[in-house]
Amino acid sequence: MGVPVRLVRRDAQLDLIERHLTAARRGGGGAVLVTGSPGTGKSALLRAFAGRAGESGALVLDASASPAETDLPFGVVGQLLSGAGRDSGQHPAEPPPPRFPARPVVAGKPGDDPAVLHETLRELAVTAPVVVLVDDAHHMDEVSARCLLYVCGRLAANRVLLVMSGPPRPRSRPPLPLPLAELLRHPRCTPVPLAPLDEDGVAAFLAAAPGGAADLPTARRLAPDWHRFTGGNPRLLCGLLDDHRDCEPVRPSRPVAGTAFRRAVTGCLRGAGDPAVSAARALAVLADAATLTLLARLLELPERAVGPCLAELDAIGLLDGGRLRHEGVRAAVLEELSARESNRLHTTAGRMLYENGAEPAAVARHLVAADTAGGGPGPAWAVPLLAEAARHAMSSGGARQAAEFLRTAHRAGGHEAAGLLTALARVEWEADPAAVIRHLPALGRTLAGARWQTAEDTAGAMGLLLWHGRPAEVARALSEAPRPEGADDADGPGGVDGTGGTGGPAAALAYVYPGTGVGPYPYDGSGERPSSYSPYEERGDVWDARGADSMAELWDEAAERVLESIVYDHAPPAPVAAVLAALLHTGETGRAARWCGLTAGGDRTGATTARRAVAAAAAAVVHGRTGAYDLASGHAERALSLLSPGAWGVAIGMPLSAAVLAATRRGAHEEAVRWLRVPVPAAMFRTRAGLHYLLARGHHQLAVGRPKAALGDFHACRDVLSGWRPELRGAVDWDTPAADALRALRGEGTANGDPIAGLTEAERRVAVLAADGCTNRAIAARLYVTTSTVEQHLTRVYRKLCVKSRGDLAHLVTARSH
């Protein structure tokens, strides 16, 4: 008799049917038709009444009609008579054998006289009242309907009660056979309508649930949400309750649509008929874009024919304001779609929305769904529209949705596939840089083929290859690429923002990988110089007569601009690795406060995962440079928790070096060991990030009493730097800690107690002049160096001597002279 639904708030209807049974006992038979939308509890009401009728001594004959047996003659009558021989204790154990054929071979032949069923029921009713129950009577076969119609017209003088169930208004269905239509609207048939539960009914449902779903106060508190979620449909409430119980041991305060709820939705739709099911599917596909006009076009029906379907769905409780009630209902409807039907509906919906001028994202979602369901290449306008929708999605921080759009566009891209691949890889980098790895071979091949359409494509592809440790492919492409007419010799094809400004891919390559062009340098901590090492011959147009200091200043400025774009805009990832390297190299400590403010904005809600991670890594580096090691440690921890080691590529050396150095300075050596266990790519050791990783690891080894291992790390820094251009070899201070490691190996203390003995000669000169009160510009003039160089030396002096101001430095130098 249908899907089990508990009976709640149906006492009035049950009492009405029992009054008809009382009348039948006295010889005045009758008929009752229980009506209601699918899921409102018709079958439950018939079961409850059958139990009461059997307990009162009545003979209960029951049948359930099925859509699959609509064309089976005598299907319902056969079910009824098959139960006529059951021993109920209230009539003879051997009732008169029915004279009615249970399964005539062909309907309409002699022997299918409807009077035979009437006579059989009348004879059975001699000893006890007879209750005939037919669930889902609207699916009854025509011959059975004709027999029951005959019985219904002759109930007045019999002790027979006919109880049927059916829908309230079968207008949206195909016309019923005449005997069935006449039966369901017979004047002797009393209607007993069932409606969905109101909020009080939902509260009663929850309070009466087996197993103590909720006490009455809790049930009343939950009822409004549960009613909004289900429209008060008992079947949907039962499914929701099952899902609620499955959430043990923690039950959510709000409804959760799970498997049982989706099954309940599907069951209600099956009971609603094909037109209503088609309307529900169209609503699910169109989602928020649904209008009566679009629904009619998608269903290929006139608008006046759509109204009854929507009314039936609304009566079930699946609609709210003309749309599916919530995403749980929509998911249940879409789940039942075949791949072919899904493709057809989404393709049609996408085309209709495109023709109506809908937003690109709204159309693109249908193109993606159609492609997922196994669609073909799609219309000619699909690829540019998907690309445009991806740009809009990225502008609002929707990296994952943009990636979906671009994946679909790339599969159907044709001659545009190369540019689309770059765009896809860049967008995937935003959500998870590790996802880009699978595209790297194709990016390298396409880059080598020089099939790039824009400077932005070039910069994007090269930046991703640099990030994941493939500089050779970038170098090869740069060496073969034609130089744009009128381009500055120091600029690569595409700037820090991918548009051609200072610090393009050529400069980024030289800045991130300053010295190597061959295999990676997998240093193992032994302190031995690699047996084979060849410096990378940089292109002369990257580092020109401007000099290292000028280029450092340019990169400091570029780093600040790109940090701004990473935090506040949506810059491509091409320059990120180079910018992080610039953060390590810069001597402009005066910018530290500005950079700290910038990186603090990188954790905003709308930022992509990669941007939050980059901002956290930059914050760790900046705070580490200013001596705020607790802050540096926290930011590094966050950066490394946002992305996996594989996702970081060669840039992992940035947060790791900051984390190890901060832990070492704080004396948290076990924490430093934990960070040093994180796997790093071999290509990292060809980068500036790898240099700082070695330096941080060396400081840790020295702090825990392993000077030999520390010396190996510092000498590895020396070996890496030896392959760099002369003006870049001062990028890190490795010689001072190396001297400390040598003294520790020899068992020596500090050199004569001189606090500045560990400084290099250039650093000592700058320290003495700064202690005497000279400005940076004055020191630069006296030593014939740039102001930037002075600032870099002072940064190292402050760090080595653990001072934070010129006053502290002056005090230390004065104490030394005495």
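Which residues are linked with D225 in a network of salt bridges? Select D225, R228 and R254: these are the members of that network. A salt bridge here is a side-chain nitrogen of Lys or Arg within 4 Å of a carboxyl oxygen of Asp or Glu. Across the whole structure, the search finds 24 salt bridges.

The model is predicted, so local features need pLDDT of at least 70 and side-chain atom pairs count only at pLDDT 80 or more, while totals for chains, interfaces and linings use all residues. Residues are numbered from 1 along each chain as its sequence is written, and side-chain values use heavy atoms, leaving out hydrogens and water.

Next, select R470 and E473. Their side chains form a salt bridge at 2.5 Å, N to O. E473 is buried, at 16% relative accessibility; R470 is partly exposed, at 27%. (Buried means under 20% relative accessible area, exposed over 50%, partly exposed in between, with a 1.4 Å probe and protein chains only.)

Move to R666 and D630. This salt bridge spans 3.1 Å, N to O. It links distant parts of the chain, 36 residues apart: D630 sits in helix 28 (residues 629–642), and R666 in the loop between helix 30 (653–665) and helix 31 (669–676). Helices are DSSP runs of H or I, at least four residues, numbered from the N terminus. D630 is exposed at 59% relative accessible area, and R666 partly exposed at 35%.

Finish on helix 34 (residues 735–746), which holds D740 and R743, three residues apart, about one turn of the helix. Their side chains meet in a salt bridge at 2.2 Å, N to O. D740 is partly exposed at 31%, as is R743 at 21%.

Terms used: Helix = DSSP H or I, 4+ residues; strand = E, 2+ residues; numbered from the N terminus.
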